[in-house]
Amino acid sequence: MLSRKTKYGLKALTFLAKKPENTTVLIQEIADSENISKKFLESILLSMRKAGYLGSKKGKGGGYYLIKKAEDIKISSVIRTLEGPIALLPCVSLNFYEHCDDCPKEEECSLHILMIEVRDQTLKVLENKSLIDLI
């Protein structure tokens with residue numbers, strides 16, 4: 001299940017993607033429009049800025065804006081930025097792999113084999129969708 005942080009991050013990015021290019025938007029406007037706590041949204045947008053999706057300006061005419069084009073922002077990468085691994089088990093994660101202590105032979109573990117298939121199908125969808133698909 002997606003966390004609220006990831007859900008709100010996707011909603012905020014979608015809101016910004018609907019604006020004309022290089023348009024800055026105040027946090028309060030996004031928070032009000034998407035029914036998100038301003039304080040929580042500040043933390044989310046900061047993470048998105050650090051990840052290179054957003055830019056920000058201070059002062060009059062300031063706010064947040066998309067740095068990348070909506071079609072270049074993959075849903076999978078946003079989820080990884082805000083949520084962490086997409087895989088349901090650490091032993092099948094492509095980016096956050098960890099061996100399961102309770103499984104001596106991954107290649108023989110039926111759960112491991114199933115979760116690889118789940119991961120691959122999930123990634124097939126998420127890596128082929130971008131922010132432009134949400135608007």
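This is a predicted model: local features need pLDDT of at least 70, side-chain atom pairs count only at pLDDT 80 or more; totals for chains, interfaces and linings use all residues.
**View 1. Salt bridge between arginine 80 and glutamate 127.** The closest N and O atoms of arginine 80 and glutamate 127 lie 3.7 Å apart. This pair connects distant parts of the chain, its two residues being 47 residues apart. Arginine 80 belongs to helix 4 (residues 75-82), while glutamate 127 sits in the loop between helix 5 (110-126) and helix 6 (131-134). Glutamate 127 has a relative accessible area of 35% and is therefore partly exposed.

**View 2. Salt bridge between lysine 105 and glutamate 108.** The side chains of lysine 105 and glutamate 108 meet at a distance of 4.0 Å, N to O. Lysine 105 is partly exposed, with 45% relative accessibility. Glutamate 108 has a relative accessible area of 57%; because exposed means over 50%, glutamate 108 falls in the exposed class.

**View 3. Salt bridge between arginine 119 and aspartate 120.** Here the closest N and O atoms are 2.7 Å apart. Arginine 119 counts as buried, its relative accessibility being 14%, because the limit for buried is under 20%. Aspartate 120, at 35% relative accessibility, counts as partly exposed.

**Context for the views.** The structure holds 4 salt bridges, among them the arginine 80 to glutamate 127 pair, the lysine 105 to glutamate 108 pair and the arginine 119 to aspartate 120 pair.

Methods: Residues are numbered from 1 along each chain as its sequence is written. Side-chain values use heavy atoms; hydrogens and water are left out. Helices (H or I, at least four residues) and strands (E, at least two) are DSSP runs, numbered from the N terminus. Buried means under 20% relative accessible area, exposed over 50%, partly exposed in between (1.4 Å probe, protein chains only).
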